Amino acid sequence: MAAELQFTPFSSAEQCGVIAEIDSEQELSDWLDTSTPTVQELVHRHGAVILRGFTPGGNDRIREIVTRLSGPPLDYTERSSPRSEVAAGIYTSTDYPADQAIFLHNEQSYNLRFPERLYFYCVSAAQTGGETSVADTRRIYERVPAELRERFAKGYRLVRNYRPRMGLPWQEVFQTTDKDEVAAYCRANDIDLEWSGNDELRTSQLRQAIARHPVTGELCWFNHMTFFHVTTLGEELAEMMIDAYGEDGLPTNTYHADGSAIEPETMALLRKAYHAECVGTPWQEGDLMIVDNILSSHGRAPFTGLRKVVVSMAGAVRWDEVTTS
């Protein structure tokens with residue numbers, strides 16, 4: 001079966017990602033009957049793989065493929081971005097303005113339990129742009145200076161503030177209107193919480209920044225520290241947000257493990273490391289991209305036209321399975 005595939009890297013530098021295109025139309029589920037080990041090896045080697053030229057079918061067939069490779073699709077818990085569920089376990093990729101980029105991140109790395117694999121399926125490609133960009137977290141880890149890796153070996157702290165008409169409401173994030181259920185979830189997931197007037201909530205959680213891949217054993221820069229830091233919004237928008245809410249009242253922000261501010265120059269260095277490893281390739285209708293969520297961070301380029309990409313998450317992993325300490 002491997003001889004039927006033509007391999008094309010996402011970029012000439014081959015940092016991350018490969019397109020595996022079949023030379024004759026074939027049902028993807030049929031091909032996987034004998035080629036699942038090939039897919040798993042490609043994902044572990046490249047971090048992200050686009051399967052192209054197959055006929056995967058609709059949502060039911062996608063769910064079947066996800067389940068075959070990684071187990072049943074996971075629910076989207078402890079939400080941080082707006083999404084719509086189009087079928088059981090299949091969601092729209094982040095509903096975010098088309099003219100803005102989504103910075104690279106590892107899905108739900110701030111949860112104690114997160115997906116091992118992401119499955120992106122292109123229903124319709126954008127007219128221009130809209131790539132689901134990826135970056136190899138092994139290479140990002142190597143780009144981060146040893147001094148910073150040692151400093152963040154203690155982890156980092158994520159703080160979220162939930163206020164009316166500001167970001168996602170806590171009712172959507174935790175998928176309940178019951179404050180007692182929120183409190184129980186937070187206790188079970190090592191999250192400190194504080195309620196205040198007007199139905200406002202503040203949470204704080206200590207999370208790790210470095211993971212050891214459970215299969216390959218490689219060290220990976222696996223976190224949301226850069227994604228959620230206010231400076232990643234850009235200087236102008238960051239200043240507007242701080243003026244509006246104050247540094248302690250931002251919808252999301254990240255800090256050192258002890259709660260102290262992370263220096264702007266540190267965040268600039270981390271963003272530079274992500275950008276240096278970022279690659280992408282235009283979507284084609286019917287593409288199925290499989291992303292190892294630990295080996296690859298992912299984001300989205302701005303786009304024009306109609307773009308519809310759905311995603312399913314599977315293969316639950318706990319932080320205590322990948323911790324390096």
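This report walks through the overall build of a predicted protein model and then some of its salt bridges.

## About the model

Because this is a predicted model, local features need pLDDT of at least 70 and side-chain atom pairs count only at pLDDT 80 or more, while totals for chains, interfaces and linings use all residues. Residues are numbered from 1 along each chain as its sequence is written, and side-chain values use heavy atoms, with hydrogens and water left out.

## The overall build

Let's start with the whole chain. The protein chain contains 9 helices and 20 strands (DSSP runs numbered from the N terminus: H or I of at least four residues for helices, E of at least two for strands). Its radius of gyration is 20 Å, close to the 20 Å that the globule rule gives for 325 residues, so the chain is as compact as a globular protein of that length. Here the radius is taken over C-alpha atoms, and the rule is 2.2 Å times the number of residues to the power 0.38. Along the principal axes, the C-alpha atoms fill a box of roughly 60 × 45 × 40 Å.

How many of the 325 residues count as buried? The share is 53%, where buried means under 20% relative accessible area, exposed over 50%, and partly exposed in between (1.4 Å probe, protein chains only).

## Salt bridges within helices

The structure holds 17 salt bridges, each a side-chain nitrogen of Lys or Arg within 4 Å of a carboxyl oxygen of Asp or Glu. One of them joins R45 and E41, at 2.7 Å from N to O. These two residues are 4 apart in helix α1 (residues 28-46), about one helical turn. Both R45, at 49% relative accessible area, and E41, at 36%, are partly exposed.

Helix α2 (residues 59-70) holds E64 and R68, also 4 residues apart, about one turn of the helix. Their side chains form a salt bridge of 3.6 Å, N to O. E64 is partly exposed at 34%, and R68 is partly exposed at 35%. This pair belongs to a network of salt bridges that links E27, D33, R61, E64 and R68.

## A salt bridge across the sequence

Which parts does the pair E263 and R151 tie together? In this salt bridge, the closest N and O atoms are 3.1 Å apart. E263 lies in the loop between β15 (252-256) and α9 (264-277), and R151 in helix α4 (residues 146-151), so the pair ties together parts that are 112 residues apart in sequence. E263 is partly exposed, with 27% relative accessibility, and R151 is partly exposed at 27%.
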